[in-house]
Amino acid sequence: MLPNLRQEKKWIIDGNYSRTLDLRLQRADLIIWLDIPRRVCLYRAIKRWIQYYGRTRPDLNEGCPEKIDWAFLRWIWNYPTRTRSRTIGKLQELEPHQQVIIIKNRKQLHAYIEQLRQQHTDTHT
């Protein structure tokens, strides 16, 4: 699916799939990286699991019930020491025309969304 997606003029993809990161970064003109602290990520994963236990979350395909296991929790916990520095390195190697926005907390996320809303309003008035 990814090679066909990369052929499109416009696309949005989310997730932290390190095997395809290079392919996605090559074609992206804007990268928004949510560099959230591990304790927040762990809390949110556990909260989602409790909230949607045995059901499918609205943002997932039908038949994909919420689940959690120790491997996933370990992956979240180890991400800052195993993968984060590689991701930062790849972001630093991007071309000058590629914009990178790093968001580290909810306050920055809300500020960025508000900035986008304001830009949208300004261009449509």
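**Exercise 1. Determine the handedness of the crossing of H3 and H4, and state how these helices are oriented to each other.**

Solution. In this predicted model, H3 and H4 form a right-handed crossing. The axis of helix H3 (residues 38-51) comes within 9 Å of that of helix H4 (residues 70-82), and the crossing angle is roughly 165°. Angles over 145 degrees count as roughly antiparallel, and H3 and H4 are therefore roughly antiparallel to each other.

**Exercise 2. Identify the residues through which H3 and H4 meet, and classify them.**

Solution. H3 contributes Arg38, Cys41, Leu42, Ala45 and Ile46. From H4 come Phe72, Leu73, Ile76, Trp77, Pro80 and Thr81. Sorted by class, the contact of H3 with H4 has nine nonpolar residues, one polar and one charged.

**Exercise 3. Carry out the corresponding analysis for H4 and H5.**

Solution. The axes of H4 and helix H5 (residues 84-92) are 5 Å apart, at an angle of about 50°. This angle makes H4 oblique to H5. On the H4 side the contact involves Tyr79, Pro80 and Arg82, and on the H5 side Arg84, Arg86 and Thr87. By class, the contact of H4 with H5 has two nonpolar, one polar and three charged residues.

Note on methods
Residues numbered from 1 in each chain as written. Predicted model: local features only at pLDDT ≥ 70, side-chain atom pairs only at ≥ 80, totals over all residues. Heavy atoms only, no water. Axes fitted to C-alpha atoms, helices over the stretch in contact; angles between N-to-C directions. Helix = DSSP H or I, 4+ residues; strand = E, 2+ residues; numbered from the N terminus. Parallel < 35°, antiparallel > 145°, perpendicular 65-115°, else oblique. Left-handed = near helix turned anticlockwise from the far one by under 90°. Contact = heavy atoms within 4.5 Å. Nonpolar A, V, L, I, M, F, W, Y, C, P; charged D, E, K, R; others polar.
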